Amino acid sequence: MNEMEISGFVAGVDVGGTFTDLVLVDPETRTMRLAKTPTTPKNQSFGVMQALSEAQADLATLALIVHGTTMTTNAVLERKLARTGLITTDGFRDVLELGRRTRPDPYGMKGVFRPIIPRDLRLEIPERMDADGEVVIPLNEQAMRKACAALIATGCESLVIHFLHSYANPAHELRAAEIAREIWPNDNITIGHALLAESREFERGVTAAVNASVQPLLTRYLDRLRRELEKGGYTNDLLIVNGNGGMVSSRFVAAEAAKTVMSGPASGVMAAAYTGRRAGEPNLITYDMGGTSTDVSLIRDATPAVSGEIEVEYAMPIHLPMVDVRTVGAGGGSIAKVNDAGLLEIGPESAGAVPGPICYGRGGTEPTISDANLILGRLNPKTLFSVESPVSMQTIRDVFAKKIGDPLGLDAEDAAAAVIRIANARMAGATRMVSVSLGIDPRDFALFAFGGAGPLHAVAVARELDIPRVLIPGRPGITNALGCVVADLRHDFVRTLNRPVAALDMAQVHGVLSAQTAEGRALIEKESVVTDRIDALYSADMQFVGQTHLLRVSLPGPDFERETLQSLFETAYFDRFRVHLPEVRANLVNLNTSVVGVRPEIDLSVLIDRTARKAILEEACIETRRVRFGDGWHETPVYRRDQLPENASFIGPAIVEQMDTTVVIEPGDRVTQDRDGNLIVEVWINA
Amino acid sequence: MTIDPITLSVIGAGLQQVCDEMDLTFSRAAFSPVIAEANDRSDGIYAADDGSLIAQGAGGLPVFVGTMQFSTRTIIEMIADGRVLPPEPEDIYIVNDPYLGGTHLMDVRFAKPVYRNGEIFCWLSNTGHWPDIGGSVPGGFSASATAVEQEGLRLPPVKLFKRGQMDPEIYAIICSNIRVAEQRIGDVKAQASALQIGEERLGQLLDRYGDETVCAAISELRLRAAQQMRARIAEIPDGIYTSQAIVDSDGVVNEPLEINLAITKVENSLTFDFAGSSPPCQGPMNSVLATTLSSVYLAMRHIFPDVPMSAGAFEPLMIPTPTGTFLDAHYPRPVSGCAAEVSQRIAEAVFAALVGPLPQRVTAAPAGTSGNFGLGGYDPAKERSYVMYQLSGGGYGGNADHDGLSNGCSTIGISKAPPVEIMEQQFPVLYRRYALREGSGGAGWHRGGFGLEYELELRRGEARASFVMDHGRVGPQGVLGGDDGAPNEVTVWRDGVAYTPEHLSKEQDIPLKAGDRVEVKTPGGGGYGDPARRDPARTAEDVRLGYFVWNSEGSK
């Protein structure tokens with residue numbers, strides 16, 4: 001597909017909150033090197049360079065670096081943003097601050113909201129389109145110039161132009177942008193409709209404002225990183241993973257910087273989809289449990305569910321197609337307590353990274369899920385000694401006895417078992433709510449466990465949900481970095497039509513989809529990356545006339561009949577909501593095209609070092625220890641993951657330890673290792 | 001039977017999960033935006049003997065906290081005395097009669113008995129706000145009805161589903177009495193399927209833990225919830241706490257309606273006495289008893305958000321029937337304003353009484369109105385009639401932690417306001433302004449949040465404007481030395497001449513023609529604490545951002 005053939009190493013780098021993970025793949029020799037270094041929050045490029053050097057990557061011969069970053073996410077959440085000004089339609093500068101009249105929590109009349117651009121940097125000028133795209137008030141060009149000058153004078157380095165109904169007629173926004181470019185000192189100009197041509201002024205405006213507010217930061221960061229890489233001899237392109245799970249050249253990414261929010265979680269889900277497809281498990285619920293929270297997403301037919309309505313935090317919507325990752329609460333650091341009603345609760349408070357669980361030895365004093373895992377032998381007690389100021393097991397047991405055991409009439413071990421039981425039930429419930437909201441039955445899916453704590457709990461959570469199988473990849477702790485290596489090139493396009501199906505101009509429909517495909521192909525062909533082929537995926541966002549919520553319907557291709565559209569919608573509606581409504585007319589709101597440049601396959605068996613592999617299972621067993629499961633204590637074999645023989649197969653109870661996580665297999669569950677080194681757990685369900 | 005505390009927690013969470021899944025199923029499958037997007041619905045599990053609340057979905061509209069236990073109890077009683085046909089498996093009763101444990105007529109309740117071994121184990125019930133239920137005003141929010149018959153179709157408990165099959169005759173009667181009836185089937189199916197899902201999931205829970213264990217857990221959870229609420233009430237010193245809240249008028253007689261509340265705290269329970277409140281009114285601002293009780297419950301849940309909803313949590317909250325007042329309306333008093341407006345004044349009275357003893361938890365008064373502006377007319381360009389609703393938020397009260405939120409939604413709601421672009425796509429209006437209402441937050445150590453102001457113009461044809469709002473006479477109360485928030489203002493510009501509704505916040509059918517404008521300013525939140533204590537840097541910041549205009553008197 002592409003002229004330039006690349007051989008040589010491919011590096012995937014994921015910068016997370018605590019660690020920067022690197023995966024270095026040599027497609028020729030089918031080997032892989034890994035590195036893990038502390039994230040350097042002030043300038044993430046230090047951590048990236050450190051990881052490359054730790055993996056002994058030769059930058060001069062490196063074919064490709066793909067980078068997943070939380071830089072823009074953190075900037076938004078911490079409001080460490082570039083000074084950004086907004087120029088908008090007269091009468092509407094407060095749209096970004098008023099939101100959609102909600103509150104942070106259903107109960108409790110408190111809460112705060114900080115608009116992404118403060119009020120003094122939001123200026124209005126005379127101009128107005130109506131909903132049909134007709135000019136009501138012409139653009140006042142002189143006012144536009146004055147507003148630009150005023151924002152420059154206050155030190156703004158980024159600009160948003162956001163006019164009402166620009167999705168229907170962008171003429172005013174386009175002309176205003178021309179004027180701005182004459183005087184704005186840099187390229188940081190975001191035009192509302194260009195990023196998102198959908199109606200809803202708050203959501204489109206916030207999306208544009210987020211984009212503008214992180215664009216200069218991302219540009220500076222990537223420039224710095226590219227310079228560092230070039231200094232080291234790297235000559236190829238640096239690619240960035242977008243929130244849609246595809247990757248794009250760092251040379252183009254900043255103009256659409258908002259798309260990099262969710263970059264990290266998206267790459268993890270892409271790795272899950274890739275791993276699942278190769279393992280013959282194309283339908284997955286991903287379960288990514290870390291220190292403070294657990295993320296859940298859905299993969300159908302090896303394709304992650306995508307949402308165009310992500311909310312990064314309260315009243316901070318980014319309406320761009322991104323992998324639909326839902327945060328469902330508890331992580332390893334979630335705190336257990338007995339409430340006023342004498343009932344055990346987990347969270348929402350978390351010990352976080354500092355002070356962290358008691359076992360981290362950083363001054364934590366509250367009982368957490370991680371501490372409970374230690375007491376029960378599910379985590380290796382030896383890890384207690386690997387921290388700076390170790391805490392004794394007795395200290396942890398005393399806390400559990402006093403804070404959980406005493407009020408409930410339990411000893412420390414029973415208290416810890418109760419914490420695990422309640423935590424698993426709660427995480428199962430939250431996972432179930434995500435599957436219900438997406439209209440699926442979890443029993444039809446396998447659970448894909450990753451993150452540092454995912455494999456500790458996944459089997460129990462699966463059992464609660466009647467999920468028959470759990471898939472634990474070779475390297476659960478570096479799934480996001482792996483996602484960078486396996487990601488495809490991807491561009492998404494959305495166009496709002498908002499017409500009843502009966503009134504659609506089908507020639508226009510076909511024209512829009514064809515044009516979107518051509519634009520995507522052109523973008524992918526500009527990239528210097530090897531692709532096997534270019535695929536295009538088509539969908540329509542539809543509803544019944546009279547509704548406001550949307551349902552995404554997959555389309556067979558860019559050409560189809562009007563009748564096909566109606567029947568595809570009715571089928572999709574029934575699948576999702578179990579309701580037939582033949583009496584009501586359908587409406588087409590958006591047409592979407594995703595153009596994907598599919599990259600060559602990577603063999604995942606390289607994730608596990610083959611040299612350590614043992615011939616028989618018993619040799620991989622490094623010890624046995626007492627571990628408490630739901631039905632009591634068991635003398636349990638502990639295996640080293642990389643020592644498990646090829647085609648290993650055994651029945652729980654068992655613990656599998658590896659550098660980046662611990663896998664808990666409960667009594668009765670059957671484990672087999674597949675050719676890619678995944679552990680497939682058949683969950684024993686008590687019928 | 002004793003039950004270990006861990007199993008108790010697991011069953012408690014399991015019951016909650018059943019309700020949350022019902023909520024989600026209902027919203028996801030519902031046809032109407034008011035349910036699907038605005039979540040104007042609620043689902044719960046109710047006791048077989050007296051309909052008392054066992055568990056309720058956390059995502060339900062706040063105004064429905066506890067309401068369905070009253071309608072479920074009524075159904076159980078009417079079955080017992082033969083006024084309603086006895087239940088059979090897979091039956092679903094429908095009821096919307098406000099006087100039989102309801103709210104306004106638009107809130108339609110379904111109730112389904114859950115059978116175990118041939119006996120009713122419990123009831124599942126849900127409420128959905130239907131976009132129309134007939135009556136004189138499309139959508140049902142009348143500003144001037146004087147009898148419930150004008151407000152729409154009133155259904156006593158009847159079986160809409162008999163042994164799982166919908167009764168086409170009853171459905172035909174309903175459809176003949178409501179507007180846009182052809183779309184209702186989507187909501188009816190969603191409402192019934194939510195109960196179906198609830199029954200399946202509850203059945204799985206019962207199969208897993210055993211009916212007897214779950215039964216014991218329900219009793220124990222009820223005791224524990226009461227204990228938890230009592231632990232919170234213990235924070236309040238013994239004493240009597242009084243307050244007053246004012247409804248502008250009933251929409252018919254232009255006199256204020258008073259809510260007078262005295263809360264007595266003794267022995268870790270609270271008694272809410274509304275004696276001395278105004279008598280029943282002619283217009284639609286009466287409240288039925290179920291709504292009055294639920295309004296108190298939802299106010300307490302705002303104050304103690306972590307106490308789960310169940311009959312146990314309500315036990316320490318004693319509310320003598322406010323006989324002879326507009327808070328205990330009987331047939332045929334009109335009630336269409338009770339769920340959206342009076343409920344919020346009741347909550348405001350609870351907040352105002354308890355902010356003294358609970359200054360860390362309770363906020364100054366929020367805007368407390370749903371800001372309902374309706375526009376009905378004919379669009380000559382699109383050749384069709386339309387009914388448009390604009391619901392708006394307002395400022396929240398300042399509180400011990402921070403300034404009030406701006407443009408928060410009503411105290412009793414959780415819904416999103418529609419975007420201006422969507423309104424202009426659907427209706428022949430042009431918004432000239434949709435802005436933060438400067439200066440509207442009550443001054444205070446922590447000031448109130450700001451209300452909203454918008455102005456829209458009718459572009460084509462003729463239309464009639466109606467308003468059902470409140471807080472036009474006095475603004476939301478400031479507390480502990482804080483100032484009141486700005487009151488609600490409605491101005492109608494016809495041929496360039498300003499008209500203010502006589503009742504300030506309520507009027508029905510004001511005629512408009514193309515070019516006329518409607519201007520609405522929603523209330524700001526009350527201020528919290530003495531404004532003199534406010535950090536001068538924060539005041540300067542407010543001025544810099546243009547929230548307040550500096551004048552000779554200071555910051556406001």
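**Entry 1: two helices that cross**

A helix axis here is a line fitted to C-alpha atoms over the stretch in contact, and the angle between two axes runs from 0 to 180 degrees between N-to-C directions. With that in hand, I opened this predicted model and started with a pair of helices in chain A.

I looked up how helix H8 (residues 263-278) of chain A sits against helix H13 (residues 479-486) of chain A: their axes come within 7 Å and cross at roughly 75 degrees. Angles of 65 to 115 degrees count as roughly perpendicular, so I noted H8(A) as roughly perpendicular to H13(A).

Which residues in H8(A) and H13(A) meet? From H8(A) I wrote down Gly264(A), Ser267(A), Gly268(A), Met270(A), Ala271(A), Ala272(A) and Tyr274(A). Facing them in H13(A) I found Thr479(A), Asn480(A), Leu482(A), Gly483(A), Cys484(A) and Val486(A). Sorted by class, this contact has seven nonpolar and six polar residues, and no charged ones.

**Entry 2: chain A as a whole**

I listed 16 helices and 35 strands for chain A. Its radius of gyration is 26 Å, close to the 26 Å that the globule rule gives for 687 residues, so chain A is as compact as a globular protein of that length.

Along the principal axes, the C-alpha atoms of chain A fill a box of roughly 80 × 60 × 55 Å. I also checked burial: 53% of the 687 residues in chain A are buried. Of the contacts in chain A with a separation of 6 or more, 69% are between residues 24 or more positions apart.

**Entry 3: chain B as a whole**

A compact globule with 556 residues would have a radius of gyration near 24 Å, and chain B agrees, because its value is 24 Å.

The C-alpha trace of chain B spans about 75 × 60 × 40 Å along its principal axes. Of its 556 residues, 61% count as buried. When I took the contacts in chain B between residues at least 6 apart in sequence, 75% joined residues at least 24 apart.

**Entry 4: where the chains touch**

Note on methods:
Residues numbered from 1 in each chain as written. Chains lettered and ligands numbered in written order. Predicted model: local features only at pLDDT ≥ 70, side-chain atom pairs only at ≥ 80, totals over all residues. Rg over C-alpha atoms; globule rule 2.2 N^0.38 Å. Buried ≥ 20, exposed ≤ 12 C-beta atoms within 10 Å, placed from the backbone. Contact = placed C-beta atoms within 7 Å. Helix = DSSP H or I, 4+ residues; strand = E, 2+ residues; numbered from the N terminus. Parallel < 35°, antiparallel > 145°, perpendicular 65-115°, else oblique. Nonpolar A, V, L, I, M, F, W, Y, C, P; charged D, E, K, R; others polar.
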